[in-house]
Amino acid sequence: MFKSASSLFRPLRFVRQLSTPVMSNKFVQDPHKLLLIPGPIEVADEVLYANAHPSMSHMSPDFAAVFGDCIRMTRDILYSKDAQPFLIAGSGTLGWDQVSANLVELDENVLVLNCGYFAEGLVDCLQTYGAKVDQLKAAIGGTVPLPDIKAALKQKKYKLITITHVDTSTAVLSDIKAVAELVHSVSPETLVVVDAVCSVASEEIQMDAWGIDVVLSASQKGLGTPPGLSIVVVSQKALKTFESRSTPVSAYYASWKKWLPVMKAYEGNTAAYFATPPVNLIYALRASLAQITQGPVSLQGRFQAHKDASRRFKKAAEELGFRNVPLSEDIAANGMTALYFPEGIVASDIVPRLLRKNVVVAGGIHSGIKDKYFRVGHMGISVVDTERGDIDKVSKALEQTLKEARASKA
């Protein structure tokens, strides 16, 4: 299904030959519990091997070429020709700080579409940097209706609007294309910011065609790389907004003024310095991005694989008596599933038993339903590499677990 680990160290389309030793035998990671939470996810052997690259200077020409590859391939995944990626050491949460510090000035208005736990966090971050935040809150398991968004945009001028593409707390998938079209028609000066930490590389995002100004993500979910990289991609329109701000950026480490020259230098295959990047993670990201953009499965094929696996797992769970948190199938994420427990079943009946079967899933985190549901991630190699059988494994384990739980209560 994937390229051999050694082939990942041959030159990619943008890189001259690297002086990297080629291993004689294929690396295989140790047996471990099957990780099916909504991130971090299972990581391919080739990516973990790349993460074990010998220590390398972040100022070396060889590393600069690898970093440049990552910038270009990140842009490719979002179907963008000229958006500016920022690949910075940090969690996905650092993307919130970047948006808040670089695009919003004191007392400017921001509209947040709130579909769950992670929108609440973004609100807190924006307010920390001095934004005036209005929220449109969806029902649990739902999305914010377009007419409500239209009405809000007509009532007040907003510097930006934020949408969580997939809220990891509810597995709700928002229609970012429709929201962006609405914003462009009603308030074209408003920037469209998408929190896509749980959707990049598992859900389609056409950044240029849909007119999205900022996409926030991280390395450990659909991008199939270990945690530790904040990945933010910024349109030229948003960059101009940043460059024309009237007050200094209200952050130091998160300032694009510091990072933009670094990103441009690396894309030009030369090194520049502001803070040391996570060198080994960049090698791992390059390996994963190469699989995603240049592997045997196309991007569109990858999105379809996520849809197919999602439908199969959700159907299996529903047949057992579980119920999806999203209120309808069309707003259910393809890279994860959130399931209400059947009547009489609680988290302690399911999650620990699955763990004993070597399947790791996640409990609930949405405050309104925290003890009533759990979450399963199905992203990356768990769905694209069907020979692994991960979806069948979790489905069978869930069926056995539910039988055991019910038997224990009989």
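Guide: Helices (H or I, at least four residues) and strands (E, at least two) are DSSP runs, numbered from the N terminus. Start in the loop between β1 (34-35) and α1 (45-51), where P40 is found. A cis peptide bond joins G39 and P40. Its omega is about 0°. This is a predicted model: local features need pLDDT of at least 70, side-chain atom pairs count only at pLDDT 80 or more, and totals for chains, interfaces and linings use all residues. Residues are numbered from 1 along each chain as its sequence is written, and side-chain values use heavy atoms, without hydrogens and water.

Now the close look. Take helix α2 (residues 61-77) and helix α10 (residues 279-294). Their axes come within 9 Å and cross at roughly 45°. Therefore α2 is oblique to α10 (under 35 degrees is roughly parallel, over 145 roughly antiparallel, 65 to 115 roughly perpendicular, the rest oblique). Axes are lines fitted to C-alpha atoms over the stretch in contact, with angles from 0 to 180 degrees between N-to-C directions. The crossing of α2 past α10 is left-handed (the near helix is turned anticlockwise from the far one by less than a right angle).

Which residues of α2 and α10 meet? On the α2 side, they include F63, V66, F67, C70 and M73. On the α10 side, I282, Y283, L285, L289 and I292 are among them. Contact means heavy atoms within 4.5 Å. The residues of this contact divide into 13 nonpolar, three polar and four charged (Ala, Val, Leu, Ile, Met, Phe, Trp, Tyr, Cys and Pro are nonpolar; Asp, Glu, Lys and Arg charged; the others, Gly among them, polar).

C70 counts as buried because its relative accessibility is 0% (buried is under 20%, exposed over 50%, partly exposed in between; 1.4 Å probe, protein chains only). The whole structure has zero disulfides (pairs of cysteine sulfur atoms within 2.5 Å). C115 is in none; its nearest cysteine sulfur, that of C198, is 13 Å away. C115 is also buried, at 6%.

D107 is found between α3 (93-103) and β3 (109-114). Its phi is near 70°, a positive value in a residue other than glycine. At 44% relative accessibility, D107 is partly exposed. N358 is found between α12 (347-356) and β13 (359-360). Phi of N358 is also positive, near 65°. At 41% relative accessibility, N358 counts as partly exposed.
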